[in-house]
Number of protein chains: 2
Amino acid sequence: MNGLIMDYPLTTTTILNYANSAFPDKKLISYLPDGSRHEYSYAQLYKRCCQLANGLRNKLGIEKGDMVGTFAWNHYQHVELYYGIPGIGAVCHTINIRLSAQQIEFIINHSEDKVIFVDATLVPLLEKIAPKLETVEKYVIINATKNFSTSLGNVLHYEDLIGEQLDTIDWPEINENDASSMCYTSGTTGMPKGVLYSHRSTYLHAMTILSPNAGNYNFSDKILLIVPQFHVMAWGFPYMCLLTGSDMVMPSLHLQPKAIINILESEQINKANGVPSIWRGVYEEMKKNPPKTKLALEEYLVGGSALSASLIENFEKDFGIKGVQAWGMTETSPLGTASRLQKKHEKLTRKEQLKIRAKQGFEFPGIEMRIIDENGNIAPRDGETMGELQVKGAWVIKSYFKTNSRDKFTDDGWFKTGDVSTIDVDGYMQITDRTKDLIKSGGEWISSVALESALMSHSKISEAAVIAIPDEKWSERPLATLVLTNESSTVSSEELKEYLSKDFAKYQIPDQYITIKQIPKTSVGKFDKKEIRRLYAEGKL
Amino acid sequence: MNGLIMDYPLTTTTILNYANSAFPDKKLISYLPDGSRHEYSYAQLYKRCCQLANGLRNKLGIEKGDMVGTFAWNHYQHVELYYGIPGIGAVCHTINIRLSAQQIEFIINHSEDKVIFVDATLVPLLEKIAPKLETVEKYVIINATKNFSTSLGNVLHYEDLIGEQLDTIDWPEINENDASSMCYTSGTTGMPKGVLYSHRSTYLHAMTILSPNAGNYNFSDKILLIVPQFHVMAWGFPYMCLLTGSDMVMPSLHLQPKAIINILESEQINKANGVPSIWRGVYEEMKKNPPKTKLALEEYLVGGSALSASLIENFEKDFGIKGVQAWGMTETSPLGTASRLQKKHEKLTRKEQLKIRAKQGFEFPGIEMRIIDENGNIAPRDGETMGELQVKGAWVIKSYFKTNSRDKFTDDGWFKTGDVSTIDVDGYMQITDRTKDLIKSGGEWISSVALESALMSHSKISEAAVIAIPDEKWSERPLATLVLTNESSTVSSEELKEYLSKDFAKYQIPDQYITIKQIPKTSVGKFDKKEIRRLYAEGKL
């Protein structure tokens, strides 16, 4: 027997309509690539999304199910694309501008993008590969300056596309299970793989991450979206902000620590998101040049990699700003967990609390997680037993785009994350490694992430990445690469071994420590351990 | 093209599984009818729900789609029923114990309940009508004392039903659009009508009301559920608390102000819900007998009727406890709006802020609202134009149970609430009346709710209900019935007219003021204006 409740599809248009009705005067503020500041209201956003949707149909012939690519920074036009494209049933495919030319070429051909919306500053990246793109019929240029010119053929300017279009539309009915957007993984192993989100998954993810146990956002917040819109839909924030009525601030390419601090300061931002390397940079810059007045920033949400306990601690101690660790992947929309302290943790020492806050946290409703140990059994939630983290839920993929491979899925329907983790008795998950980065020494597992986190809490060390190197006796041994906080200082192996011996067993402590200028990073800002291993193998470290 | 996301149905079992995994040690505390305190964890709740589900199948033969009635106070067994019954695909039909015997008889026969779970203390109410119940095969008694006896035939005790059952179960797959629960309206006009909720609507409602713009609940909260489980699923709180990991405290029949204050005090409750008359009673009791230590209570959520600005103000001024106005109906699951101040309201005066907080507030995502004026047009959002409030959304009914009547639905798919309202430019909706209670005097509409609210802010007046009485010259005139704060005091008509003249036009001010012992109330605690009009017509006021 069916319930007698209205059919009310959960779509991106549901979100857009809601903001237009409930929060017409909330603001979308953009710092554009040319440095200018742009501001309009959600009511205006709504109108321009209608114009864009009409333009997509009337001038570009985009139809339901078509793929439309974006190659752009965070700004209002990109937000318009997040709603305008799925609003007419097409798929908003955000292309990661930081991938290699070869990967970008692969992605665009594989997804069969019909049109690509591209920021003028990013056009040079596309010009190189344009001749090899098989399906792209048109490029729409965003934020072009007056003397803009390009070798791309078939070019249209964004404002010319939407300018003459009606600012109302009769949005088509959309099945909530239809695809709304797509994002490719960064492909650290092999070619990137496409993850196709649905309207429903987008809505449910956004509705869940705003909740108090997760991001905790409301209509009085002003949020800086540092996570790029080309990284897993900016973690769903452009959808979430319209559900909460939060003001949304977009930095486009102004992502250097100084630029971020300027925006935080002048806009009186109180919440933000970003990967740890961004926040480490902001913290170090603030230490060097403390802001004249206290920032309004209360809290930053971190994902992508682990936020070290020392950064959490220092940011809070020095500036009263709280870091909240979250976890997710392209395949999980992305957010699945966050680590906030509960009432029962109030009685713990500061150090014990930091240990919990540095974990990835517990699952949101709509997400399930489990750890599978070496023998294929579900591991106990004891905070010790390591195994592969597997998840399922309302915004987790069931297969990759255009592939039948089931490698990443279990027979009983769980997604294999490739993360090695523990879950403690209170349900807090902690990633100890990527399966492929785990170090096995003398038959015992060593967590490279735990070592990195400990090394990065050392005052002389800014960044640390630990890899496994072959060893005749132990099969593998850990090796640490380090970036020093102060380039002219030094730190001895003995000093570091002594430092680590507080928290680690002897066999877990690296024998070798190599100081380098910077740690190689992937396109999404994570340590590129494949590259470090290659450098080591080639004797170039 | 479908998104490639897992099929993950939003069901009550999804919620139960989540709490068991994420919050196994959170507490469900019950003050049972006999006065004893009972406590267990969500892990134990989970196990007992499994036992109940097994018992329903094995001992009572309940199958998918069967109707199972509950006739009970708020306590852990009733929460178990909220999950155990829908968990096996049956429908949890909560029967309002405060309706008349005739209405209860009608409801049970109309819904075709197969089994009824009944609190021992409420058995006498059912004994009277049992011979007329056509479909009930069995009564399961909850919280029976040792010497319990009844004339009901075919009786089983709750613990005997679940006692020997397994505490694990392979929950059946359920379509999220299947019915999970049912509630009848209170039927102030005609017989009660059945509202059949789905698993999906239950999940989405619960997930939305916990958000910061709405109820704002998290895993550190301890919430007292004063709203009875037989009133619109206790506003969804028994589902919501398992999503947030909040501790849930159930008062059963201990609903007198003193009893509530005792629980607030001894349990260190920090959030609660309830209708305004409950909070008025609690406030007045606290004024008479101030608690020795400051209560932990931070906030109470109010719905069902309008919370007066004066009660909001006094509760906050005297005890530092914040009232949050919400709005909903049985037909809307129930919550659709809440009234919280935004950042831009900070610069308003205290009085202006209170005026906004006394409104019903703006819609949650998942809900749409509009006002239709006298001419059938959508009214502007100007805070002045009155008309009928219409809503649609993901937890709004599309038809009543077993009836084809479309009276309450528009051709374009909106539900007609029967409330007369305004919406202001910021989106805050305010109910000015029920359509049937509106007063039309000399061609002008007068809001009885606005008059009541103003009268109740007068220090000498505890409660006020305003009705329309026939008038030769003006067609209708308002008449006010009053309950005085201090029974031995008096208040003159002149004094009240003078008092109201600050905020109302002369024609809007009632000519007559009648002091009465108490205002007749409906089964859900609202002013029973039908009854007041009857008393007036019969000269009995």
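Reader: How many residues does helix α3 of chain B have, and what does it reach from its first C-alpha to its last?

Author: This is a predicted model. Helix α3 of chain B runs over residues 76–87. At 1.5 Å a residue, 16 Å is expected. The helix has twelve residues, and its reach is close to that value, at 16 Å.

Reader: Is α3(B) mostly covered or mostly uncovered, and how many of its residues are buried?

Author: Buried means under 20% relative accessible area. Among the residues of α3(B) that pass are B:Y76, B:H78, B:L81 and B:G87. The helix is mostly covered, and its count of buried residues is twelve of twelve.

Reader: Which residue just after α3(B) takes a positive phi?

Author: Look just past the end of the helix. The phi there is about 90 degrees. The residue is B:G89.

Reader: How many disulfides does a search of the whole structure find?

Author: A disulfide needs two cysteine sulfur atoms within 2.5 Å. The search covers all chains, and its total is zero. A:C183, for one, is in no disulfide; its nearest cysteine sulfur, in A:C92, is at 9.5 Å.

Reader: Which strands form the edges of the open four-stranded sheet in chain A?

Author: The order in chain A is β17-β18-β19-β20, with antiparallel pairing. From one strand to the next, the twist averages 50 degrees. An edge strand pairs on one side only, and here those strands are β17 and β20.

Reader: Which residue of β18(A) is the bridge partner of A:I372?

Author: β17(A) and β18(A) run antiparallel. Six bridges join them. In β18(A), the partner of A:I372 is A:E388.

Reader: Is strand β17 of chain B largely enclosed or largely open, and how many of its residues are buried?

Author: β17(B) pairs with β18(B) in the antiparallel sense, over six bridges. One of the partners in β18(B) is B:L389, which bridges to B:I371. The rest of the structure largely encloses β17(B), because its buried residues number five of six.

Reader: What rotation superposes chain A on chain B?

Author: The shift along the axis is 0.0 Å, and the RMSD is 0.0 Å. That is the relation of a two-fold axis. A:S211 comes closest to the axis of the residues of chain A, at 2.4 Å by its C-alpha. The rotation is 180 degrees.

Reader: Which residues of chain A does a cis peptide bond join?

Author: Most peptide bonds are trans. In chain A, one cis bond has an omega of about 5 degrees. Its proline sits in the loop between β14 and β15 of chain A. The joined residues are A:S333 and A:P334.

Reader: Where is B:W235 found?

Author: B:W235 is not a glycine, yet its phi is positive, at about 60 degrees. With 6% relative accessibility, B:W235 counts as buried. Its place is the loop between β10 and α8 of chain B.

Reader: What is the relative accessible area of B:S475?

Author: B:S475 lies in strand β24 of chain B. Its phi is positive, near 75 degrees. B:S475 is partly exposed, with a relative accessible area of 48%.

Conventions. Residues numbered from 1 in each chain as written. Chains lettered and ligands numbered in written order. Predicted model: local features only at pLDDT ≥ 70, side-chain atom pairs only at ≥ 80, totals over all residues. Heavy atoms only, no water. Helix = DSSP H or I, 4+ residues; strand = E, 2+ residues; numbered from the N terminus. Expected span 1.5 Å × (residues − 1). Buried < 20%, exposed > 50% of the residue type's maximum accessible area, 1.4 Å probe, protein only. Pairing = 2+ DSSP bridges. Axes fitted to C-alpha atoms, helices over the stretch in contact; angles between N-to-C directions. Least-squares fit on C-alpha atoms with pLDDT ≥ 70 in both.
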